[in-house]
Protein chains: 2
Amino acid sequence: MISVADALARIREGLTPLGAELISLADAYGRVLAEDLTARRTQPPFAVSAMDGYAVRAADVAVLPTRLKLVGYVPAGGRHEGTLGPGEAVRIFTGARLPDGADAVVIQEDTEASDGTVLVHDTVGAFGPGRHVRQAGIDFVEGEVGLKAGRRLSARDVGLAAAMNRPWLMVHRRPRVAILPTGDEVALPGDPIGPNQIVSSNGAALAALIAASGGIPIQLGIARDDGATLKTMARGAEGADLLVTIGGASVGEHDLVKSALGEIGLTVDFWKIAMRPGKPLMFGRLGATAVLGLPGNPVSALVCGMLFLRPALERLQGLPGDGPLPEPALAGAALAANDGRQDYLRARLVRGPDGAWVAMPFEKQDSSMMSALAGADCLIVRPPAAPAVPAGAPVDVIRLSEGAYAL
Amino acid sequence: MISVADALARIREGLTPLGAELISLADAYGRVLAEDLTARRTQPPFAVSAMDGYAVRAADVAVLPTRLKLVGYVPAGGRHEGTLGPGEAVRIFTGARLPDGADAVVIQEDTEASDGTVLVHDTVGAFGPGRHVRQAGIDFVEGEVGLKAGRRLSARDVGLAAAMNRPWLMVHRRPRVAILPTGDEVALPGDPIGPNQIVSSNGAALAALIAASGGIPIQLGIARDDGATLKTMARGAEGADLLVTIGGASVGEHDLVKSALGEIGLTVDFWKIAMRPGKPLMFGRLGATAVLGLPGNPVSALVCGMLFLRPALERLQGLPGDGPLPEPALAGAALAANDGRQDYLRARLVRGPDGAWVAMPFEKQDSSMMSALAGADCLIVRPPAAPAVPAGAPVDVIRLSEGAYAL
């Protein structure tokens, strides 16, 4: 058995980022840049007003109150032709280009316009050149790298790319991921179910996880527990970047997936991991396709999916693939000392009286219970040989529900 | 001006959840259930083994070591015909149905099989009926509501729905959202740009935010700053659930969007909000379509999008739409006392030496700077009239990047 960290490192080493494709900015959300994105514009391209008011020469409002001559009007998108002379002002609006000769803006609340003039009151406050002006390039300048290769694009990044005038982007191709659940004991939802069968849930859940992680799921159907079927169905993974098998690690006396796929060229990197839920995890390669074998228990399959499959997909998309970032919380109950396997306890997350997050572990941690996993907000991470801790002790958690309000 | 909380409450009151549609489980990730989802199966439907080993009668292994007669073999999906008698054992694997007469499982590590018998060692430990057995219904029982109406389906929920044998689900329809940026000063990325123009970024960023929030964005193009154009282009929102206008709140001396759309029937609920960045926010209705008017500054537009548009889309999808949940962090720098507007300071999030999150506010908080917003991890929330606090003081933040590892 190897550690969770070692397994993740070996998965990352065994994968390289996929090639790039050109996409429209309209399709860019969530994609990972395959190039440094430079600005094709300086933003703002010229000094603009930050407020609605009057463009002035700061020297003209050094002594207040004062009356200036109104010589123009500039809405956003417009321009005052000519240069502002001494004693002159131009009506200006937020985002509009500052006229030549002007170096500051008086906000309209501090003025009173009448008969082609504007009276500037003494309520203006601290004032000098640059007041209420956004100088050219304060956001970014032409040629500057605004977004770096390897960045997953947020909605904000999409806006920044637009502002940099980049309608097309090179991004890493989305990984194609073939999903192959195995087992005589499972039937697809809605399909006829034998008397000793249960309904298959892993394929559907992992397809959702794969899509949410930027991959393209391909369902190969359920492979029965015999080698010939497995070998035939695995051919559906040709051209995929990753084949995910589920279960079949311990059928009868042997590892069915490993032995059957071994006959058609599977090479196995590692096989078992010191974790709970989980343990029988396999990583290898079948021709050009990487293979990740997940355990068949639904909770184990999904937790391993989060810990290993998602980072694998990130790596293929050009992200670090470091795995989930543990976050600080307090234990909501005393936790027993841990054995040699890294434990991931299903728990609820509540905010304690002093505002800190408190993780309340569920009493039942059975790895077959989907309802408990679905109801969990986080996993409490218990490292191998972690000592017993009382309630209130700091622990690391991995959050499952969306705490972040992705923008 | 009204408060952020009042504005959000009024938006929620002004919207009702959309109707339902039937979708495949394969398309269910991220959708919001419009019905309570009951289990069509009991899971597990019968008692199953939790381990690889031997199904036994617990009474037979009360005194150890002992030797039992091997009378059968049950892989997952199989069944042992007949009833286990005294002194008998059946080879069994994880997930396989427990034979009649058996009430416990001895794990294979504690046994030694030979010549049609199995020797059970005295390493078994605490043992009794039910040991290493998953009883019928420990996950859920037929008829039980496994997932409630109003729940946004995670990957785990999709797995649970599958296990409950629900291939089809009724979910709330995705909101259709028409986007109408306004302004003579903006041009689309890649389009010709006039000498006084900048590149439009709000439409692209908000489309990404809308899609990420479960909506279907419809780009209406950029409306120039004249009433006739605005009225014509707003017709593109017919049949949409929500029209989002951007900018045009303060063009020249008047509110262009409000006045132009007012001529074709816009009714306005509220108009200005005590917040920064933001302030000129409009909520109203144009016929059957709700209207949300966002400010034109890119940072203001996106922050208001997160605070108001996203909850609006959640509300339309049958979620509470409570807005982002503030989370605890420590101020990374001293913060000045706040005025009467709720402030959202762009900040980086780092983990401090003791593990707590520390929010480091950016020095420049200009609402035109997309690069700063794109580089932020969170917004520090400063309520109206918040007193000055020193570095290290607890503050509430809204996280922007995905802290959660959505599963």
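**View 1. Where chain B meets chain A.** In this predicted model, 89 residues of chain B are in contact with 88 residues of chain A. The size of an interface is often given as the accessible area lost when the parts come together. Here that comes to about 7,600 Å² buried between chain B and chain A, with carbon and sulfur atoms giving 55% of it.

**View 2. Polar links across the interface, and who supplies the chain B side.** Between chain B and chain A there are 6 salt bridges. One to look for joins A:Asp366 to B:Arg134, whose closest N and O atoms sit 2.7 Å apart. Counting polar contacts, 32 residue pairs link chain B and chain A, both residues being at pLDDT 80 or more. Several elements of chain B each give at least two residues to the side touching chain A, among them helix 3 (202-212), helix 6 (298-316) and strand 22 (327-331). Helix 2 of chain B makes the largest contribution to that side, with 8 residues. Sorted by class, the chain B side has 46 nonpolar, 21 polar and 22 charged residues.

**View 3. A six-stranded open sheet in chain B.** Follow the 6 strands in the order 16-13-17-21-20-18 and you have an open sheet with mixed pairing. Strand 16 (216-219) and strand 18 (267-272) of chain B are the edge strands, each pairing on one side only. Ignoring direction, neighbouring strands of this sheet are turned by 20° against each other on average. Inside chain B, strand 13 (residues 176-181) and strand 17 (residues 242-246) run parallel and are joined by 5 bridges. B:Leu180 has B:Thr245, in strand 17 of chain B, as its bridge partner.

**View 4. Helices packed on the chain B sheet.** Helix 1 (residues 4-13) of chain B packs on the sheet and touches strand 18, strand 20 (280-286) and strand 21 (289-294) of chain B. The direction of helix 1 makes about 160° with that of strand 18 of chain B. Helix 3 of chain B lies across strand 13, strand 16, strand 17 and strand 21 of chain B. Against strand 16 of chain B, helix 3 runs at about 160°.

**View 5. An open sheet in chain A.** This one also has 6 strands and mixed pairing, in the order 7-4-6-5-9-8. Strand 7 (104-107) and strand 8 (111-114) of chain A have a single partner strand each, so one side of each goes without a neighbour in the sheet. From one strand to the next, the twist averages 35°. Strand 4 (residues 53-56) and strand 6 (residues 88-92) of chain A pair in the antiparallel sense over 3 bridges. Look for A:Tyr54 standing opposite A:Arg91 in strand 6 of chain A.

**View 6. A salt bridge within chain A.** Over all chains, the structure holds 32 salt bridges. In the one between A:Asp343 and A:Arg276, the closest N and O atoms are 2.7 Å apart. A:Asp343 belongs to strand 23 (residues 342-351) and A:Arg276 to strand 19 (residues 275-276) of chain A, so the pair ties together parts that are 67 residues apart in sequence.

**View 7. Some backbone details in loops.** The peptide bond from B:Gln43 to B:Pro44 is cis, with omega near -10°, and B:Pro44 is in the loop between strand 2 (37-38) and strand 3 (48-49) of chain B. Another cis bond runs from B:Leu64 to B:Pro65, with omega near -5°. You'll find B:Pro65 in the loop between strand 4 (53-56) and strand 5 (66-74) of chain B. Over in chain A, A:Asp115 has a positive phi of about 50° although it is not a glycine; A:Asp115 is in the loop between strand 8 and strand 9 (117-120) of chain A.

Conventions
Residues numbered from 1 in each chain as written. Chains lettered and ligands numbered in written order. Predicted model: local features only at pLDDT ≥ 70, side-chain atom pairs only at ≥ 80, totals over all residues. Heavy atoms only, no water. Contact = heavy atoms within 4.5 Å. Buried area = accessible area lost by both parts, 1.4 Å probe. Salt bridge = Lys/Arg side-chain N within 4 Å of Asp/Glu carboxyl O. Polar contact = N/O pair within 3.5 Å; in protein donor to acceptor, adjacent residues only side chain to side chain. Helix = DSSP H or I, 4+ residues; strand = E, 2+ residues; numbered from the N terminus. Nonpolar A, V, L, I, M, F, W, Y, C, P; charged D, E, K, R; others polar. Pairing = 2+ DSSP bridges. Axes fitted to C-alpha atoms, helices over the stretch in contact; angles between N-to-C directions.
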